[in-house]
Amino acid sequence: MKKKISRRQFLKAAGVLGGMALLRPVWDSGREERAVQAQSSSGNVIWVPSICNFCSSFCDINVAVKTVDGQKRAVKIEGNRNSPLNRGKICARGQAGLRQLYDPDRIKEPLIRVEGSKRGEWNFRVATWDEAYDYIASRFKKVNPWEIAMIGGWTACVSYMHFSLPFVRTLEIPNIIASPMQHCVTAGHLGTDLVTGNFNVHDEVLADFENARYILFSQNNASVAAISTARAVRFSEARKKGAKVVCLDPRQSELASKADEWIAIRPGTDHAFFLAMIHTMLREELYNKAFLANHTNAPFLTFKESSGTRELAAGMGSDGKPDAYYIYDEISGTVRPVAAYTNRNDRTKNGEPVVPALRVPAGTVWNSKPVTTVFDLFIENTSSFTPEWASAITDIPAETIRRIALEFGQARPALVDPGWMGSRYHHVIAQRRMQAIIQTLVGGIDVTGGWLMNGEYRHKAENAWHMKRHGTDQAEEPKEIPPVMLPGMAFANGLIDIFANPASWSHGKPALSFAWAQEQQKQGKPSVFLPAMADTGLLEAVRGDMVYNGEPYNIKAFFMNAANPIRHYFPAERWEEILSSSTVDLVVTIDVLPSDTTAFADVILPNHTYLERNEPLLYPLGPDTNLGFATRLRAVEPLYNTRDAADIFCEITDRMGKLDNYLAGIAEYAGLDEALLKHEIKSARDAGKPYNEAFLKASFEALGHLSEHVTGEKLSGSEVEKTIREKGVIILKNAEELLAESAMPAKIPVPTMSGRLELFSPILASFTRAAGPNPLWDPVLGYVPLSLSDDRNKNSLDRDEFYFTYGKVPVVSHASTNNNNALLSSLTTPKKGAFTGLWLNKSRAEELGFEQGQIIEIENLRYNKIVRATLFVTEMIRPDTVFLPSAYGSKNPKLGIAGGKGTALNELMPYSIEPLAASFMSQEFTVRIRPT
Amino acid sequence: MSFVHQDVWHWQIATYLFLGGLGGATVAIGAMLHMFENGDKKIISAAVLSAIGFMVIGTIFLLADMLQPLKAIYALTNPRSWIFWGVVFINIYFLASIAYVIPLLKSWPRLEPLISKLPQKILALLERFNKMAALGGATAGFLVAIYTGLLISSAPAISFWNTPALPLLFVFSAFSTGAAFLLLLFTFSREEGSWAIVQKLEQLDAALIVTELIILGAYFNFAFFLPTGARESASILFETPMFVYGFLGLGLLLPLLIETYSIFFSGHAKSSAFLMVTAGSLVLVGGFLLRYYVLHAGVFQYPW
Amino acid sequence: MARYGMVMDMRLCVGCQACMAACSMENQTPYWNGKFRTHVEDIEHGSYPDVRREFLPRLCMHCENTPCLSACPSGATYKTEDGIIRINYDRCMGCYACSIACPYDARYPYDRNDVSTAETLYGDDLSHRAPHVDKCSFCEHRVQEGLKPGCAGTCPTNARIFGDLDDPQSEVHKLSKTGKAKPLRPELGTAPKVFYIPS
Ligand SMILES: Nc1nc2c(c(=O)[nH]1)N[C@H]1C(S)=C(S)[C@@H](COP(=O)(O)OP(=O)(O)OC[C@H]3O[C@@H](n4cnc5c(=O)[nH]c(N)nc54)[C@H](O)[C@@H]3O)O[C@H]1N2
Ligand SMILES: Nc1nc2c(c(=O)[nH]1)N[C@H]1C(S)=C(S)[C@@H](COP(=O)(O)OP(=O)(O)OC[C@H]3O[C@@H](n4cnc5c(=O)[nH]c(N)nc54)[C@H](O)[C@@H]3O)O[C@H]1N2
Ligand code: SF4
Ligand code: SF4
Ligand code: SF4
Ligand code: SF4
Ligand code: SF4
Ligand SMILES: [Mo]
């Protein structure tokens, strides 16, 4: 034994006995003690609260820390049992977090690319932080601010939004490209948000599975069972209580395996399924009439413009916004105005009681135009979307579709999951909108057993409603309020107001994506309505082909935080070209691991891993419905020469001479006391300490104030800190109370244009006005057929041709685990087939002569791309479909475990976006498989 | 339901089982030959000595396969365990066989001086109780031989092993290898009566092989009958050429053929000594192959 | 004195393998060599479209009639007062008689190779240094502190229910007594204390 005996003191009996056993194998007989059983989490451990960093479920955790070898060492992670979000549970990735902390492949010091080497080669030298900061600042100064793009993954988005937004504002950088948008949530969430007005970091809906009687899933798996712990804990309660679960998925995913009914729908046809459901529910009158009449715009009157487009009957206010909508009052039998922004329709604008009709008598007119209700339009426009029609498209028997619609409409409460990752097909926005509409039809928004709003979001909505009614009623735009403090769509609008608006920037350049959209439009080319944080125009701007208002708009510098575009943005080759371009003067990455993207950096700044950091702020409890907060406290001292992201941002702004403005910006966005913050930062600086604790201190104070606002009881910063340290979470108000007080829309408006749930979408109507009618942005409902080939006449698959699908597996998180995690990698091994291979139906494999485990080529028939994969032959997938697990295929050999393993999905993907928000259409093609 | 090859015990243990059986049976048969047939003491002592050697080597293989051989001393803790009894039998075997063989060694003139160095009292005792030691060694040898089968037949989830036929098979096979080994040795004997013993051994071995074949037939019949791991194991064995041609063909049938030939046709002619050596060697190889492949074909039947 | 047992609710298990990860972190099992005290089988029944995927989490069944214990010559395998089948690491000689005897594939060798990796990984926090045969301990160390075992504690769907089979109030008692949850291969007579609710 070469162990130092002196260190033994620190040991619990475990090590000692174990060690002696080896020394004295024979004589040490019968000394079996309980102590020998002491394991990781027992004995002398301290539990430090933190938040998991492997997916945006944002689970609350506790980290067991022991002193080992004279050093603090994290030995175990468990779910925080005080957390209402994940209820003490965490998934395999959360459990394996230590292996990121102790990953020998971590980036341990700042690295600067050796002069003369090429990006992508991995030729770096170790640098000091000062050197690295100076390097970055000097390049930043050389380029124009709009020539810089900031790229952020979800870690950056969820934890550092309040730093990134002021960062770009302070430095006048109008470009942020965020991966959880185009590559993930935009499509799905925009769809549901058009109805509910939501839009938030975690999206804000936590489906109340455990109180639902009927649950319908479409395109879900990792978002629930495979796995988002916050949802899985609730889903399992639903299963226990006997809710009926129906799951649409072309293969038997983890979630589908837990459904009472697995429906192997033809890929890319869910939209038709939901349209047929609505068709049936409307005709069978399976909807909550009172809810629709009272809290949605279903009873709003609409008319046809001369151009043929549909508009809501609305009075226009002096500010160009509606000041009233019109309904048909069943009592008086007249058309009456209701308030433009409120949560209910049972009073006129002036407070007289009305009973809004869902259907109006023929011949009703408003402003001498014939009108129908929104609801009438739905009845009318769904007439052709019969179950039989959908059956031919979806490959699901019409009776099944009809039965599910009936069951869903009759079960109370029934729930269709809002979905999560949506960047797959053109129709996903429309489809998710239909899901929100179905949920609205049964009155299941913000009610028990339906879609519940998260605590922080509800709080924001309450505040906004309060402000609207009191004080700032004089049409005064709440300009001082930073967009991050606005709820839902208002937040989105606030951001668009900044990023799409040339006037918000001293240099007059809006975000590249919006500039590109305007230019495209001018030239009559396909454009995008809301390219929020999208990458549109980026390649052109790097190539030097992008002109905005007659002037070149180039991109010359990239500043990336927790982002891995080379591997996880679509497609790989586009980002390889962008990042290796000689016109790009600077590529900075902040990361913890040598991701494929870091290889393309000029400067790599190593971040603390999440277990080494005190996060600078307090964060709402992910999507939880309580109003509560948590943060990460440092479990162990940073192992290497790494830094916190907040410090990195501050140092760079400091070198750009703008630290003061930046701090003011953060204080404003994060709601911190500016003077206190500046004072704390100064002390930290004088003491030569990192800044992030100064932020956290200011955050504790701020939460003390918030507590006073919410509960009437003010807490001091140290009281808040104490609760956080002891419990890991601080809950200001519980979910039941919040729901009782301010259900949306039962009690307060939702953040849509009208405050009601919007079956008719004014936003889509505005697109129609701008660009003419199109089923993609039909404000009522339009069907968007699947198109998998450029050849319009082709509507069947060839013998060796397949629909292509992909998705996540339970033990991998995008690139964050990269499967470079030794434990997760071991968990994958026994399931290598299902977790890393291309799923192919067994009978098809036999027919085509393929074998289990065979290495094959997948050819993208539409975009001519080829990748290799290993076959997983199974009965659990449609015969016409293949499925590839995502998140493998890292190439950087510096990743000792993950490097070179599996298939890089984004090498098969095209650059193909839809026109609403530039979401990726990452499955809109078919593939051929063939032997290598 | 899944069938999974056992990946716990490999050739080391097969060797142990083989040498244990061989060593046990050799002493058992040898002692009988000594007592009832008055066989060549030189040969018998050589046989017992080598049997002890086999047992030592076998035990070394067993220990080497363990994670912590030094802790083997604990093996005498749990009497419910077959290994416990194995250790007991092997120890008795060693004691008795050594006690038994020492007086016999005097038949080797060259060892005479060595033996006489032992205290007279002890030697006298050993001489006096030589028969008892022989009996003890033989019994222990028999028990060791049967224990090797009992050990592996006690695995409940390996249904191919978990049958009383297996210890039976192993014990017959062990005795067959023991007889073959003695047969080999006796062909070198220069004593008068040895040839008769060779003939007896030949008959014994042939009888044992026939019994073994009958047990095997019953065994495989049982294995193929039920849709369990046993069927899986049996079919694995039947698909293994080394088992079918090696063990069944060369290790059982061919020696049986040779022995039958020699018993009935050549009248145990001395000239067929070469054939006998061949038959004996084949039986030994067959004995090892049987254990190796039976271990190899051990298939767990898991309920998932 | 309790009689601890576990019920696996296969209607709930989603095959996320959090249990395996938790167990490995809790008990320092040599995951790097693919060795775990608990596994989750991913089983495919039938053929498309009538195909059913089932996850079966498994660990040591802590058999009442204990073949591994009977097979263990050294007494290293023993039964605690609470009916937990444990291994005395100091006594285990690594003869594998127990592994051969176990009908549920619950055991694996923790060999020299594993120990040396574990030493570099855990340093002085390594809880067992001598090679031995290892298996699930029902996390007795946690149970004694009133905690759930590592795997059951983290299982996001509560598919693993742990408790005292003799306590009439306990969920495990109710589920096993009513016959809703059944052991695996009861015909072997091992009387496992882990029960399964079929999916
Ligand atoms: N091929 C493929 N691509 C996908 C998807 C897919 O399924 N397949 N899914 C899409 C979806 S849904 C999403 S949300 C996005 C997510 O994509 P991202 O948000 O980019 O998430 P990750 O890939 O997990 O992490 C990006 C980088 O952050 C680093 N990182 C991890 N922890 C830290 C940290 O603490 N600090 C810092 N600075 N860096 C850290 C990781 O090492 C990694 O290189 O990916 C999208 N892209
Ligand atoms: N393990 C793990 N869990 C995670 C994450 C992670 O990285 N790893 N990340 C989190 C994040 S950021 C996100 S966005 C969510 C994503 O979670 P989800 O949105 O649930 O995404 P996936 O699990 O990738 O895909 C869901 C399912 O859609 C199926 N599918 C594909 N095409 C179609 C189709 O046309 N119709 C239907 N009906 N089904 C289809 C796939 O087979 C797959 O089973 O997961 C979160 N949870
Ligand atoms: S679901 Fe898993 S990976 Fe995601 S935050 Fe929770 S524990 Fe972490
Ligand atoms: S943690 Fe629970 S749900 Fe996940 S695989 Fe294990 S038993 Fe199943
Ligand atoms: S499952 Fe195996 S290891 Fe566990 S008690 Fe039963 S026989 Fe022993
Ligand atoms: S390996 Fe250890 S626990 Fe198993 S039987 Fe042998 S001594 Fe007992
Ligand atoms: S009870 Fe403990 S030792 Fe057993 S499988 Fe669960 S976590 Fe592992
Ligand atoms: Mo995502």
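**Exercise 1. Where does Pro49(C) lie in chain C?**

*Conventions.* This is a predicted model, in which local features need pLDDT of at least 70 and side-chain atom pairs count only at pLDDT 80 or more, while totals for chains, interfaces and linings use all residues. Residues are numbered from 1 along each chain as its sequence is written, chains are lettered from A and ligands numbered from 1 in the order in which they are written, and side-chain values use heavy atoms, with hydrogens and water left out.

*Solution.* Step 1. Helices (H or I, at least four residues) and strands (E, at least two) are DSSP runs, numbered from the N terminus. Step 2. Pro49(C) is placed in the loop between E2 and E3 of chain C. Step 3. The peptide bond leading from Tyr48(C) to Pro49(C) is cis, and its omega is near 0°. Step 4. For background, most peptide bonds are trans.

**Exercise 2. Describe the contact between chain C and chain A.**

*Solution.* Step 1. With contact taken as heavy atoms within 4.5 Å, chain C contributes 64 residues and chain A contributes 79 residues. Step 2. Buried area is the accessible area (1.4 Å probe) that two parts lose on being put together, summed over both. Between chain C and chain A it is about 5700 Å², with 51% of it on carbon and sulfur atoms. Tyr48(C), Arg53(C) and Asp124(C) supply 15% of the area that chain C buries against chain A, more than any other three residues.

Step 3. A salt bridge is a side-chain nitrogen of Lys or Arg within 4 Å of a carboxyl oxygen of Asp or Glu. The count between these two chains is 5 salt bridges. Lys66(A) forms a salt bridge with Asp125(C), where the closest N and O atoms are 2.8 Å apart.

Step 4. Several elements of chain C each supply at least two residues of the side that touches chain A, including helix H1 (18-27), E2 and E3. H1(C) gives the most to that side, with 8 residues.

**Exercise 3. How many salt bridges are counted between chain C and chain B?**

*Solution.* Step 1. The contact takes 39 residues from chain C and 28 residues from chain B. Step 2. About 2800 Å² is buried between the two chains, and carbon and sulfur atoms give 65% of this area. Met93(C), Ile100(C) and Arg185(C) lose the most area to chain B, together 27% of what that side buries. Step 3. The count between chain C and chain B is 0 salt bridges.

**Exercise 4. Which residues line the largest cavity?**

*Solution.* Step 1. On a 1 Å grid over the protein atoms alone, a cavity is a set of points where a 1.4 Å probe fits but cannot get out, and lining residues have an atom within 4 Å of a point. Grid points are joined across faces, edges and corners, and a volume is the space filled by probe spheres set on the points. Step 2. The count comes to 12 cavities of 30 Å³ or more, and the largest cavity has a volume of about 130 Å³. Step 3. Its lining consists of Met150(A), Ile151(A), Gly152(A), Gly153(A), Ala156(A), Cys157(A), Met161(A), Ser164(A), Leu165(A), Ile176(A), Ala178(A) and Met533(A). Step 4. H5(A) gives the most to this lining, with 5 residues.

Notes:
On a 1 Å grid over the protein atoms alone, a cavity is a set of points where a 1.4 Å probe fits but cannot get out, and a pocket is an open set with protein on both sides within 12 Å along at least five of seven lines; lining residues have an atom within 4 Å of a point.
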